[in-house]
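Please look at the sequence and the model first.

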Amino acid sequence: MKQNGLGHWIGFVAILVWCLLPIAWILSLSFKPVAETTSGSPQFLPRTWTLQNYKDVLANDDFQRALLNSAGIAAIATVLAVIFATLAAYAIARLEFRGKRFVLSIALAIAMFPVVSLVGPLFDLWRTFGLFNTWPGLIIPYMSFTLPLAIWTLSAFFREIPWEMEQAAQVDGATSWQAFRKVIVPLAAPGVFTAAILTFFFAWNEFVLAISLTSTTDARTVPAQLSFFVGSDQFNPPYSQLATASVVVTVPIVVLVLLFQRKIVAGLTSGAVKG
Amino acid sequence: MAMASIEMKNIVKKYGDGFPAVNDVSIDVADGEFMILVGPSGCGKSTLLRMIVGLEDITSGDMIVGGKRVNDLAPRDRNLSMVFQNYALYPHLTVYENIAFPLRLAKLPDSEVDAKVRQASATLELDEHLQRKPANLSGGQRQRVAMGRAIVRDAEAFLFDEPLSNLDAKLRGQMRTEISRLQKRLGITTVYVTHDQTEAMTLGDRVAVMRRGVLQQLASPRELYDQPCNLFVAGFIGSPPMNFLPATVDGDHVTLPFGRFKIPQAKADQLQGTDLLIAGIRPEHLEDASLIDPSEATEETTFVAHVDVREWLGDSQYAYIPYEADAVVEKQLQELSRELDSDQLRTQLVASLDTASQIQEDQDARLFIFTEKMHFFDPATGENLTVGL
């Protein structure tokens with residue numbers, strides 16, 4: 001280990017630079033005045049630092065509305081997906097019923113289905129049902145695309161929890177629901193948070209459905225809204241504003257990860273049974 | 001404390017494939033009694049316990065707790081408390097909350113919960129660990145928390161499912177005494193499942209020996225040891241186990257692979273007209289003949305045999321004497337040893353000798369046999385033909 005110290009560090013730095021350079025570039029862009037980005041001889045750091053881009057972007061009504069849409073749609077999709085996935089995964093992990101394998105296979109098949117191929121049918125379907133350009137119109141597909149992964153993740157977690165936990169709770173006087181809520185769910189918390197984060201990321205970052213199934217800012221989310229930042233003419237895109245919007249939309253994700261990271265504690269079940 | 005008797009009447013448990021895991025078992029556990037269910041793995045003892053507590057459906061028969069039929073009640077409505085083999089502590093709760101869990105579910109006021117938890121923790125000497133999480137406790141401490149959770153509420157009975165099998169030998173001995181003391185102090189009806197015959201003998205007021213889902217014998221530890229009803233019970237109870245030898249009886253003499261011995265008249269009378277038998281003699285009923293009064297140690301009570309291994313344990317010593325057994329008996333004995341989860345590679349006689357004995361390894365020795373302590377079993381049915389004689 002000691003011998004490889006230098007090699008390790010070179011490797012770390014290379015990977016960090018590779019991963020973080022684009023982010024640093026976006027950050028630096030977001031602090032440049034528009035004139036600087038169009039001057040033709042760009043430099044890495046801004047010559048004059050400005051917060052004007054942030055003021056402009058945040059003052060943009062359409063962007064504000066898109067942020068609200070993104071947050072609302074992603075949050076609702078996450079909550080619903082996690083609730084359904086928890087119940088479904090519990091049933092799959094704990095109950096013996098006919099067609100269990102079938103349910104799991106179908107879930108996997110849905111996860112493998114290319115999203116793009118569903119855009120057309122969904123577009124027609126949603127227009128017929130009046131779901132086009134509405135929140136539910138995005139929440140429903142987001143939920144169905146993230147459910148399989150959430151179910152698989154959670155059922156793996158539930159399977160890890162010893163049966164006896166639940167039986168002990170029942171002997172202690174708990175109903176099945178109480179045993180589930182007070183013992184099983186807290187123990188599966190790392191799994192629940194993992195599933196929640198994955199779902200939230202998907203809904204927050206999704207572009208294809210967001211651009212195809214919306215037509216106004218009524219339901220358009222940030223990734224889709226970003227494509228409408230065209231500036232005064234199409235040959236001079238407002239790079240700095242785009243970068244600023246990207247930063248603004250990334251911050252919640254970073255905060256979320258930092259927040260949940262503390263919750264995702266591995267080995268929570270250790271000590272439940274013999275050591 | 002609420003207390004209750006447990007009556008099991010013709011309990012049957014059949015699984016999907018029709019195999020009866022528990023077959024027509026009837027056991028009455030008296031109020032305050034310490035009952036042991038013992039047997040090798042797969043004998044149905046744990047299944048029976050789980051049927052008492054309600055974690056396993058009862059195929060047929062009646063389970064009566066405190067005079068009330070509980071067959072169709074959910075576990076939470078039976079008011080029994082159970083200690084699981086793996087303890088099943090809630091890892092996300094502190095020791096305090098683990099013990100308080102059943103009280104919280106019963107929606108007791110906080111002050112009452114606190115009083116009861118403190119009382120239980122004092123009883124089990126867990127006071128200094130109340131705010132810790134189970135993951136940070138030792139095996140013995142976890143075991144005590146599991147017991148705390150069981151005694152904290154006024155359950156009608158305690159059920160233990162092999163509670164000591166995950167502890168090391170030394171701790172197991174301590175906890176065994178602890179459980180015994182606790183049960184005597186609380187005086188609460190207890191059903192305790194174990195595969196360990198030492199636990200069965202030391203803890204139980206009465207012991208139910210099970211084999212392949214069938215109750216073999218239900219008796220006090222002493223009676224099980226002295227008067228086993230069949231070959232299985234005889235082989236299961238006692239360590240080292242009872243020696244089994246092919247035997248034929250004519251008149252008041254029995255012929256064993258080591259010679260011809262005189263047996264008490266009562267036993268001889270009982271065994272007239274029998275063919276090949278299996279004789280059972282416990283290791284402590286064999287002794288170095290030189291330590292026996294010469295008037296007792298005659299030609300008809302002693303034999304010379306080759307001791308190939310001797311084990312000296314300080315308080316006793318074991319001598320091992322291999323022998324060739326009759327094919328029929330050997331087959332029966334091998335089947336028995338397989339059922340008892342032991343791998344007996346050869347037929348051998350084990351003698352537990354007095355530590356004063358000077359018998360050496362790899363030498364011939366003269367041994368004395370207490371023929372009045374000998375049991376005789378039917379090789380076909382395994383039945384003890386000389387119970388009470």
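How many helices and strands does the secondary structure of chain B come to? Chain B has 10 helices and 21 strands, where helices (H or I, at least four residues) and strands (E, at least two) are DSSP runs numbered from the N terminus.

This is a predicted model, in which local features need pLDDT of at least 70, side-chain atom pairs count only at pLDDT 80 or more, and totals for chains, interfaces and linings use all residues. Residues are numbered from 1 along each chain as its sequence is written, while chains are lettered from A and ligands numbered from 1 in the order in which they are written.

The C-alpha atoms of chain B fill a box of roughly 75 × 45 × 35 Å along the principal axes. Of the 389 residues in chain B, 44% are buried, that is, have 20 or more other C-beta atoms within 10 Å of their own, with C-beta atoms placed from the backbone.

Between the chains, 23 residues of chain A are in contact with 25 residues of chain B; contact requires C-beta atoms, placed from the backbone, to lie within 7 Å. On the side of chain A that touches chain B, the elements giving two or more residues are α8 (163-171) and α9 (176-187) of chain A. α8(A) gives the most, with 6 residues.

The table sets out residue classes; Ala, Val, Leu, Ile, Met, Phe, Trp, Tyr, Cys and Pro count as nonpolar, Asp, Glu, Lys and Arg as charged, and the others, Gly among them, as polar.

| Region | Classes |
|---|---|
| Side of chain A that touches chain B | 11 nonpolar, 9 polar and 3 charged residues |
| Contact of α8(A) with α9(A) | 6 nonpolar, 2 polar and 2 charged residues |

In the contact between these helices, A:M165 and A:E166 are among the residues of α8(A), and A:Q178 and A:L187 among those of α9(A).

Technical notes
Two residues are in contact if their C-beta atoms, placed from the backbone, lie within 7 Å. A residue is buried if 20 or more other C-beta atoms lie within 10 Å of its own, exposed if 12 or fewer, and partly exposed in between; C-beta atoms are placed from the backbone.
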